[in-house]
Amino acid sequence: RESDHRAWTPVTYTVTRQNATIQGLIQGKAYFFRIAAENIIGMGPFTETTKEILIRDPITVPDRPEDLEVKAVTKNSVTLTWNPPKFNGGSDITMYVLESRLIGKDKFHKVTKEKMLDRKFTVEGLKEGDTYEYRVSACNIVGQGKPSFCTKPITCKDELAPPTLDLDFRDKLIVRVGEAFSLTGRYSGKPAPKVTWLKDDIVVKEDDRIKIKTTPTTLCLGIIKSVREDTGKYCVTVENSTGSRKGFCQVNVVDRPSPPVGPVIFDEVFKDHMVVSWKPPLDDGGSEITNYIIEKKDTHKDMWMPVTSSTVKTTCKIPKLLEGREYQIRIYAENLYGISDPLISDEMKAKDRFRVPDAPEQPIIKDVTKDSAVVVWNKPYDGGKPITNYIVEKKETMATRWVKATKDPIFPGTKFKVPDLLEGCQYEFRVSAENEIGVGDPSPPSKPIFARDPIAKPSPPVNPEAVDKTKNSVDLSWQPPRHDGNGKIIGYLIEYQKVGDEAWKQANLTADSCPETNYKVTGLTEGLTYKFRVKAVNAAGESDPAHVPDPVEVKDRLEPPELILDANMAREQHIKAGDTLRLSAVIKGVPFPKVTWKKEDHEVSPKADIEVTGVGSKLEIRNTVHEDGGMYSLTVENPAGSKTVSVKVVVLDKPGPPRNLKISDVRSDSCYITWMEPEDDGGSVITNYVVERKDVASAQWVAISSSSKKRSHMAKYLMEGTQYLFRVAAENQYGRGPYVETLKPIKAIDPLHPPGPPKNLHHVDVDKTEVSLVWNRPDRDGGAEITGYLVEYQEDGADEWTKFQTVPMLDCVVTGL
C-alpha cells in the first residue's frame, strides 16, 4: 500500500518462492509491503515492513564528462571547455575537478579548487614550450566520477589567429562635392595581416587628395576635397596566411546636376503661348532630378521672367506671350544639392500656326419629343481661322455608324433642332466645327435620350399606412400612384416628422434606394410619436406627398411566444444508442423570444448542437449514448409571456453489468452463483443472463449457461482441486452488456471443519520445572489431515492460558515452569 493510503493492494496469488518482484510502482512514492503464507486450510497472519520504502533509482557517481576541448593556447595559458556527463548518477553535479600532467611525468595534478560549474577554465602561469595533457571529472554528493578522456598533448606557444575586421562605416555613404570623408576601422590577426584598399576592384593609390594610413591595429582611407569621380564601391581587404576578411562601402559623391541637354525644341507655337521640350542632364549629380526651373525673356527686354519652378517633366507650356514678340527660354535642372547652369533656347516669335478648330465640348440635348430634339453646344477654339460651319450627327446607341442630321450649313448659331427621329428609339448626338483649313474632331457624344414626348411628374402614392413597428423602426406600405406622368416610376422618397417639429427629415436620400412599395424607417427614438409621408419619383421629378393618416408611436409590438411542435417533439421519443437525436420546433412572437433548452432542469450536454434561427430552434445530439436519455424541455420567453414544452427521450442500449456477484456453497464438483439485476436495463427488458467460468490456468472462458432468466445458477461438473473464476452478463434486445467477474478464484474442494479434541491427555513424568505429556488422536480430523497439536498451560488460579508450542506428534515436554 502507498504510505498515504490505508487500503492494501494484492500483488500476486501464486508465489511459491521466498521472494517476489513487485512491478508497476511509481517513482518518488513511498510504500509499505506485507506477506502471508497460505496452505490448503487458509491464509496465515501477515508480516509487515516496519518502515516505508521510497521508490527511486539508486544514486551513483556521475559518468565521465564529454567533449573536453582546447579552445585557445598561448605561450603561458591554455583555455579548455567540456560538456556535462550523459548521466549525473541520479544527483546534481556539485563541481568539476580539472587535472593536468606534464608530458614525461607519471602523475596528474589538480589544477584549481574552483567548482567550474560553467564548464570553462583558463590554466595560466604555464611555461612556454612545455607540453601538457588534461582531463576532467564530475562530482556529486556520492563522490567523484571517472575522468574524461585526456586531451591531446598541448604545447604552450602563441597560435596563429585569422584576421578580424571591425569597421566604423556603414554600407552606404553620401558626401557632398568638395567635402572630405574617411573610412576607418580596426583589425587584428597573427601574423600581422596585409591591408589593401580597392575602388571598383582597382587598387587605390595615394596622391595629393587620397591618404592611406595603417597602424598595427587600425586602418584608414581619407579623401580631401572629394569630386564626383570619387563615387564608387570601396573595399578593404585584411589578409594573412590563415585567411582574409573584407569590408565594403558604396560612396556616392553628390553635386548639383549638369545643365539640361539641348537644343530646346518648340513643339507648339501660338500667338499667346508656346510648348517647349528638352532632354534631362547627362549627369544628375548623383541624386534624382527633383525639379526644372523654366524662365522666359522678351528679346526687347533684359529681364528674365519666371514661368514655373515646380515640374519634373521635360516639357512645359510657356503662357502669357504677346503676339508678334520674340522670346528666349532658359531651363535649369535642380536636385537635392543645388541648381545647374542654364540651357538657353534660340529666339522664337509668338504667332499662330493655323489649324482646324478644336472639338466642341459634350453637347446638351433639350426639348425632346417623339420625333425631334434640340442639340446645344459651345463654340470651340477656331484653330486660328474663323469657324464657317458646324456639322451635327446622330446615331442610335446600339448602332456603330454616325449620320449627318442635315446637309445644310449650320452657322453662326450653336444649337440645332434635329428632325425625323423614330419614336421610342434611343439616340446620341455629336458636333464638329469647320474652318477654311478643314473639319475639326467631333465632340464627345451627348448623353443618350429616348425619342418620346416629355413626361410629367407622377400623382401621389395611394393609401400609405404603417403596417408594423418596433422600439426604433416603423414599417410603411403603400400602393403605386394612379398616374405615372408617362414616365417610369424610379422609386419613392420617404419622409418623417416628429410630432411638434416643423421640419421633415428624409428616411432615404435617393428614390432608387426604395423601388418597391414598402420601406422600413429605422433610427427612430423609442416612445416618441412620428408622422410619415411618401412621394413617387419619375424622370420628371417628385410627386406631391401622400401622408400616413395617423401619427405612429414608436414602441415594440408585443406578441406572446408561440410554439409549433415538429413530429420529433412528441411526449416520448425512443431512439437507439449511436443514432442522432433531433428535437425541433417553429417559434413565433414579437419581439422574437429568448430560447432555452434544458435537460432535467440542468444545462444540456456540451455535445449537443443547438441552432436558433428567426423562425425556430433545433437541438441535435450525434452518436447518442444511454446517458443522453431524459426529460428535455424547450422554453421560449419574451416580455409578453413564456411557453415551455417537454419531451421524454429514451435512448435504448445494451444493459449495464449485473450487481453483487457472489459464490457460495462450494463443493469439490460444484458451487452456487448468485447476482442482482443491473442498475440500468438499457431501456429494454432484460431477456436473459450469460454465465461463464474459466480455469485460472487457462486463457479461455467457457459458457455454462446462456439462457438463464433467473439471477442464480448451480455450476456443476467442476474438477476437484482446480481454481475457477466466474463472470455474468445481462442481455436485452439491443445486445449483451459488460461482464461482472469474481474478484478472487475459488477452489473446488469440499468444505473443511476444525478437528475434534485430542483424547486421554495425561502426564507421564514431572520435574521441578517441566512436565512430560502424552495423548491420543481425536475421533474426527474435520476432513483434512491433522498437521499438529497446540500445547497450552495455565497457572493454577490464573484466568488466561499461555501458548507453549505446536508439536507434530502425540507427546510433548513442557519446560520453563
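Leaving aside neighbours within four places in sequence, which residues is Asn688 in contact with? The legends below refer to a predicted model, and the first view answers this.

View 1. Beyond its neighbours within four places in sequence, Asn688 is in contact with Ser706, Ser707, Ser708, Ala729, Ala730 and Glu731.

**View 2. Polar contacts of the Asn688 side chain.** The side chain of Asn688 makes a polar contact of 2.8 Å with the side chain of Thr687. The Asn688 side chain also reaches the backbone oxygen of Ser706, at 3.0 Å. Ser706 is also one of the residues listed as contacts of Asn688.

**View 3. A nonpolar surface patch that includes Ile141.** Ile59, Val61, Ile141 and Val142 make up the patch, and their accessible area together is about 330 Å². Ile141 lies in the loop between β10 (131–139) and β11 (154–155). Its relative accessibility is 65%, so Ile141 counts as exposed, the cut-off being over 50%.

View 4. Residues 460–557 are 0% helix and 45% strand, with the end C-alpha atoms 29 Å apart. For residues 757–817 the values are 0% helix and 48% strand, and the end C-alpha atoms are 24 Å apart.

Conventions
Residues numbered from 1 in each chain as written. Predicted model: local features only at pLDDT ≥ 70, side-chain atom pairs only at ≥ 80, totals over all residues. Heavy atoms only, no water. Helix = DSSP H or I, 4+ residues; strand = E, 2+ residues; numbered from the N terminus. Polar contact = N/O pair within 3.5 Å; in protein donor to acceptor, adjacent residues only side chain to side chain. Contact = heavy atoms within 4.5 Å. Patch = residues over 30% accessible without salt bridge, like charges linked within 9 Å, V, L, I, M, F, W, Y side chains within 5 Å. Areas by Shrake-Rupley, 256 points an atom, 1.4 Å probe, with all protein chains shown as cover. Salt bridge = Lys/Arg side-chain N within 4 Å of Asp/Glu carboxyl O. Buried < 20%, exposed > 50% of the residue type's maximum accessible area, 1.4 Å probe, protein only.
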